[in-house]
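Reader: I am new to this structure. Can you show me how to read it, feature by feature?
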Amino acid sequence: MGYYGGVEAGGTKFVCIVTDEKAKILAETRFPTTLPEETLQKTVDFFTAWQKDQRLSLQAIGIACFGPVDLNPESATFGYITSTPKPGWENTAVTPVIANALNLPVFFDTDVNGAALGEGRWGAAQDLSDFLYLTIGTGVGGGAVCNGKPLHGLVHPEMGHIRLPHDWQADPFPGNCPFHGDCFEGMAAGPAIKRRWGVSANTLPPDHPAWDLEARYIASALANFILTLSPQRIILGGGVMAQAHLFPQIRKYTLAYLSNYVRSEVLMNAIDSFIVPPGLGNQAGSLGSIALALQG
Ligand code: ADP
Ligand code: ZN
């Protein structure tokens, strides 16, 4: 039996878990994301203490990290968080610090690539080779699995920052992405909803006009992703998607925007099984880090 460590490194909180190779959670801790030195030390301490208490050694650590991150193994800053606006975290060596302190193999990827791999192994995308995991939460991000592997390419996809049609008359909100203003995240992440309507997204009733607008932005993005990546399924997670009534609206608008152009049985007859919530529920993120650790 092998044991694996996983770190869901989020901009708000870190979740560290130990599991067996079947992803049964054996230990867990969570703490707020403060400054890098303190946060990474707490991460190292958790795994060190577990190994000492259990007199066992972990096989590997997986880190599913908020970003942007450097995933190029040839780069001098491999395993770093790069250009994040989060104070104190720009150019932070995440993988090198944890690998050196624990002396274990460390597998590092974006939070959403991790979640996508976890959904592929244990969740809503089992047996699919090409699919997408999208989170709509504090930010918006997407992880694509293509031919069974998470897509990295030049850097890694930044699906939350695509530009979407913006009808300024219907929605005069200028967007709140510090880099692009009215990109997808700037218009549709939880903080954008809060700023546009002046109240937290979770307090808006299901019949509030916020949700029709939200469903349209998300569907607009999904239509683009279907046209560019041709995923076999799209999994929508993150805090905002706790609003389950968004799903039927998103499905409806996605089909409307595609306008019958992409001919596929699943789009035409089984859209409910094409745009779905995570099979792993709110554990998609943390188990995603274990899916990364199991890659070795
Ligand atoms: P993170 O993105 O930081 O990992 P979440 O995915 O939980 O965390 O997203 C947090 C965001 O989701 C916040 O902006 C919050 O307002 C929003 N959110 C959380 N719960 C709900 C809810 N029930 N309905 C709508 N929005 C929610
Ligand atoms: Zn942006």
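Author: Start at the ligand. This is a predicted model. A polar side-chain atom of Thr-138 lies 2.7 Å from an oxygen atom of ligand 1.

Reader: Which residue has a polar backbone atom 2.8 Å from an oxygen atom of ligand 1?

Author: That residue is Gly-239. Thr-12 takes part through its side chain: one of its N or O atoms is 3.4 Å from an oxygen atom of ligand 1.

Reader: Which residues surround ligand 1?

Author: Among them are Gly-137, Gly-190, Pro-191, Ala-201 and Asn-202. Gly-238, Val-240, Ala-242 and Gln-243 are also included.

Reader: Now the helices. At what angle do the axes of H3 and H9 cross?

Author: The angle is roughly 85°, and the axes come within 7 Å. Angles of 65 to 115 degrees count as roughly perpendicular. So H3 is roughly perpendicular to H9. H3 contributes Gly-114, Ala-115, Leu-117, Gly-118, Glu-119 and Trp-122 to the contact. From H9 come Ala-284, Leu-287, Gly-288, Ile-290, Ala-291 and Leu-292.

Reader: How many residues of the contact of H3 with H9 are nonpolar, polar and charged?

Author: There are 8 nonpolar, 3 polar and 1 charged.

Reader: How do H5 and H6 pack, and what is the angle?

Author: H5 (residues 190–197) and H6 (residues 209–229) pack at about 140°, with axes 12 Å apart. The two helices are therefore oblique to each other. Their crossing is right-handed.

Reader: Which residues of H5 meet H6?

Author: Ile-193, Arg-196 and Trp-197 do. Their partners in H6 include Trp-211, Leu-213 and Tyr-217. By class, this contact of H5 with H6 has 7 nonpolar, no polar and 2 charged residues.

Notes
Residues are numbered from 1 along each chain as its sequence is written. Chains are lettered from A and ligands numbered from 1 in the order in which they are written. This is a predicted model: local features need pLDDT of at least 70, side-chain atom pairs count only at pLDDT 80 or more; totals for chains, interfaces and linings use all residues. Side-chain values use heavy atoms; hydrogens and water are left out. Axes are lines fitted to C-alpha atoms, for helices over the stretch in contact, and angles run from 0 to 180 degrees between N-to-C directions. Helices (H or I, at least four residues) and strands (E, at least two) are DSSP runs, numbered from the N terminus. Angles under 35 degrees count as roughly parallel, over 145 as roughly antiparallel, 65 to 115 as roughly perpendicular and the rest as oblique. Contact means heavy atoms within 4.5 Å. Ala, Val, Leu, Ile, Met, Phe, Trp, Tyr, Cys and Pro count as nonpolar, Asp, Glu, Lys and Arg as charged, and the others, Gly among them, as polar. A crossing is left-handed if the near helix is turned anticlockwise from the far one by less than a right angle, and right-handed if clockwise. A residue is near a molecule or strand if one of its heavy atoms lies within 4 Å of it. A polar contact is a pair of N or O atoms within 3.5 Å; within protein, one must be able to donate a hydrogen and the other to accept it, and residues adjacent in sequence count only if both atoms are side-chain atoms.
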